[in-house]
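Please view the sequence and the model before reading on.

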Amino acid sequence: MPPRSNPTARQERLGAELRKLREHAGITARDAAALLGSNPIQMSHVEAGRSGISEERVRRLAAHYACDDARLVDALVTMAAERGKGWWEEFRGVLGHRALDLSELEFHASHLRTLQVIHIPGLLQTEDHMRAAFTYATPELPRSEVNAHIAHRLRRRLVIEDGDGTAFDAVVHEAALRIKVGGSKVARAQLAHILEASERHNVTVRVVPFAVEDFAGGGYSMLYAAGPVPQLDTVQLDIPHGGIFIDAEPQLRKYQRLYSRIESSARAEAESRDLIHRIAQDL
């Protein structure tokens with residue numbers, strides 16, 4: 001099969017992790033390719049996510065690389081075995097590839113944690129809030145495209161709403177809760193939805209109030225998606241034209257510390273719900 005022209009972030013991540021294992025073992029791409037009866041160009045495609053690799057070959061490479069982390073190898077084998085297309089593929093060609101990569105990241109995460117200072121977390125937004133936000137940011141968007149963005153974000157919500165749901169922890173600054181996106185009525189309904197979601201067993205919402213005096217994290221928002229093993233954790237950051245994924249271990253540690261630091265300024269869950277109630281009454 002010809003190489004993929006646009007591999008997904010998850011396909012790229014599998015290749016990158018295989019490359020890390022090879023480089024850590026001090027083995028050249030040529031030698032790794034020879035082990036598989038392949039060539040360095042094909043190995044380059046695999047490590048860039050442009051070509052798939054079988055589960056059996058992942059295990060052969062891991063053994064050749066002397067990787068004794070069974071959980072990591074099993075996780076990589078699972079990634080290699082993913083042949084089906086997720087629900088987000090319905091939106092390919094309609095939405096940007098980073099939006100679809102985010103859906104896939106959330107779908108496969110074992111735990112999701114988010115920090116939001118001026119925005120309501122996407123997985124907690126109501127449809128009316130979404131519509132107001134999309135049309136305000138880009139008023140020239142055709143209605144069909146706005147509807148596609150909304151449909152996609154509503155489907156994303158199911159990762160925490162269906163069945164047991166993925167564990168989801170949100171730390172939100174009071175500023176985000178007081179901004180009247182869509183007007184007072186929409187904003188009150190949005191806060192009611194957050195309160196309802198916070199009652200789910202898998203969802204926690206904690207608020208950093210204006211009253212906190214040591215908060216200096218106004219410029220930081222992120223999604224931290226835990227993988228099946230720590231080596232496969234990912235941080236997603238929003239930027240004006242989409243989002244970026246970060247998976248280098250030093251950067252992951254940096255964002256873990258940042259999350260913990262800001263979380264320490266947040267109120268407990270019950271106190272946070274009380275604060276949200278008071279904010280809704282103020283709107």
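Contact here means heavy atoms within 4.5 Å. Helices (H or I, at least four residues) and strands (E, at least two) are DSSP runs, numbered from the N terminus. This is a predicted model, in which local features need pLDDT of at least 70 and side-chain atom pairs count only at pLDDT 80 or more, while totals for chains, interfaces and linings use all residues. Residues are numbered from 1 along each chain as its sequence is written, and side-chain values use heavy atoms, with hydrogens and water left out.

**Helix pair**
- In α10, R188, L191, I194, L195 and S198 meet R273, I276, H277, I279 and A280 of α12.
- The residues of this contact comprise 6 nonpolar, 2 polar and 2 charged (Ala, Val, Leu, Ile, Met, Phe, Trp, Tyr, Cys and Pro count as nonpolar; Asp, Glu, Lys and Arg as charged; the others, Gly among them, as polar).
- The axes of the two helices, lines fitted to C-alpha atoms over the stretch in contact with angles from 0 to 180 degrees between N-to-C directions, come within 9 Å and cross at roughly 165 degrees.
- α10 and α12 are therefore roughly antiparallel (angles over 145 degrees).

**Nonpolar cores**
- A nonpolar core is a set of buried (under 20% relative accessible area, 1.4 Å probe, protein chains only) Ala, Val, Leu, Ile, Met, Phe, Trp, Tyr and Cys residues joined through side-chain atoms within 4.5 Å.
- The largest such core has 29 residues, and L112, L124 and F168 are among those with the most contacts inside it.
- Its largest share, 5 residues, comes from α10.
- Residues touched by L124 include I160, F168, I194 and V205, not counting residues up to four places away in sequence.

Terms used. Buried < 20%, exposed > 50% of the residue type's maximum accessible area, 1.4 Å probe, protein only. Parallel < 35°, antiparallel > 145°, perpendicular 65-115°, else oblique.
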